[in-house]
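Subject: Structure for you to look at

Hello,

Here is the structure I said I would pass on. Please open it beside this message and find each residue as you read.

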Amino acid sequence: MAQGVRGTRDFYPDDMRVRNWLFERFHSAARAHGFEEYDAPVLESEELYTRKAGEEIVGQLYNFEDKGGRRVALRPEMTPSLARMVMARAGALALPIKWYSIPQCWRYERTQRGRGREHYQWNVDIWGMDGVAADAELLSVLVHFFESVGLGSGDLVIRISSRKVLEEVLGSLGIEGETFAATCVIVDKMDKLPADVVEAQLADLGLGADAISRIRAVLGLTDLDALSSALGEGSAAVAELGALFALCDAYGISDWLAFDASVVRGLAYYTGPVFEAHDRAGALRAICGGGRYDKLIGTLGGKDLPATGFGFGDMVVMELLAEKGLLPDLASGVEDVVFGMGAELRGAAMQVAGRLRSGGRSVDLVLEDKRMKWVFKHAERCGAARLVMVMPDEWAEGKVRIKDLGTGEESAVPIEDL
Ligand code: HAM
């Protein structure tokens, strides 16, 4: 009973301080770019996720029947909830919509470094804009965040491609629609699964050996000129990626980015630019991932609205920050420890604590009779700036003794000056 469910985490205050620090950086990178926060329930209708393309995420669903006989699921990702919210107010929301959130998401995954069965996932999305300016904006949010936690372009790279690359390759072979999405989901696993397994799955979708070798050749490209030669004059994919990289250049974030045609992403709904950030050493799973998904609302029965966004988990980035020695050593946030000498001065100490709190200070009042030695140690453990002592002689004169724990200086201060 002392153990939580496998793949879930407890956050003790030490962990919670670091988590809040991380989330605050998520919030401020989003706010710095004019995004507004939203939220949705962790429990959704199962049908919001039951897509047909064979995605891993659907097989990992925490789903069950509730007491009213409804099929429900814990959200594995935020994007379908966001689509549902946008759809419910279609027409009433001013465009573009620029929203962000930090939901907890649940996936029944094989637990490993950087992957658990629950994680918090920072989501940043833009709806109602179909140009690459929106995608560039998201990349700027990412870089802003990375810089704010002390990571540099030498630590990680954001690899970018577009679903249009595969769309053009497959389109020339007559593969579109549902089969296209299903093909992307399989192709995403090309470097994770044995070649014969992937080839058998692609063959099931009707792709022959020639098609597969053409896909492999194109996905190996990491240079836009080579992509242009492979896809030919007038390729929409090449034009889109060229425009995106040009905007990112203007933003001054090119050092962080690289074109890599092997980025496809494993979710069915992407339609345009897609990206993933990885540590340069290649030791960890993807730090974050996202892309354009212009047709998601259509699959949910609504009218399509262009959209692009990313999801950024809290686990891999924490691994990377720890490895680079970038995790801060955070204090509890207590500013003053107030201590009343003896039971007779407990009421006076409460008065003093109340006064300080009204003035906006964070105060920890010592609630029991303790020796001075314990009180000093306690104040140090809290990382407090001051120890405020209510002593009989000073109190009789309407004063308290304050010890500055940084300098060690002590002085008697009138209570009205607190
Ligand atoms: P995703 O690639 O499935 O995309 O997840 C995005 C990020 O969430 C991953 O890169 C990783 O940081 C984190 N993540 C996912 N699963 C786990 C896990 N089991 N444990 C720890 N971290 C995890 C999506 O979910 C898309 N809905 C993102 C998106 C938003 N696309 C457009 N807007």
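This is a predicted model: local features need pLDDT of at least 70, side-chain atom pairs count only at pLDDT 80 or more; totals for chains, interfaces and linings use all residues.

Domains. The chain is divided into two parts: domain 1 covers 13-323, and domain 2 covers 336-417. Their C-alpha centres are 52 Å apart.

Nonpolar cores. The largest nonpolar core contains 73 residues. Trp-122, Leu-139, Phe-145, Phe-146, Ile-158 and Phe-312 have the most contacts inside this core. The element that gives the most to the core is helix 4 (residues 132-148), with 10 residues. For one example of the packing, select Phe-145: leaving aside residues up to four places away in sequence, Phe-145 touches Leu-22, Arg-25, Phe-26, Ala-29, Trp-122, Phe-312 and Val-317. There is also a second, separate core, made of 21 residues. Tyr-38, Tyr-269, Val-274 and Tyr-293 are among them.

Strands. Strand 4 (residues 71-74) pairs with strand 2 (residues 43-45) and also with strand 3 (residues 62-65). Strand 2 and strand 4 run antiparallel and are joined by three bridges; here Glu-44 stands opposite Ala-73. Strand 3 and strand 4 are antiparallel too, with four bridges, and Glu-65 stands opposite Arg-71. These last two strands form a hairpin with five residues between them. In that hairpin, Gly-69 has a positive phi near 80°.

Regards

Note on methods. Residues are numbered from 1 along each chain as its sequence is written. Side-chain values use heavy atoms; hydrogens and water are left out. A nonpolar core is a set of buried Ala, Val, Leu, Ile, Met, Phe, Trp, Tyr and Cys residues joined through side-chain atoms within 4.5 Å. Buried means under 20% relative accessible area, exposed over 50%, partly exposed in between (1.4 Å probe, protein chains only). Contact means heavy atoms within 4.5 Å. Domain bounds come from an automatic or database domain assignment. Two strands pair if DSSP finds at least two bridges between them.
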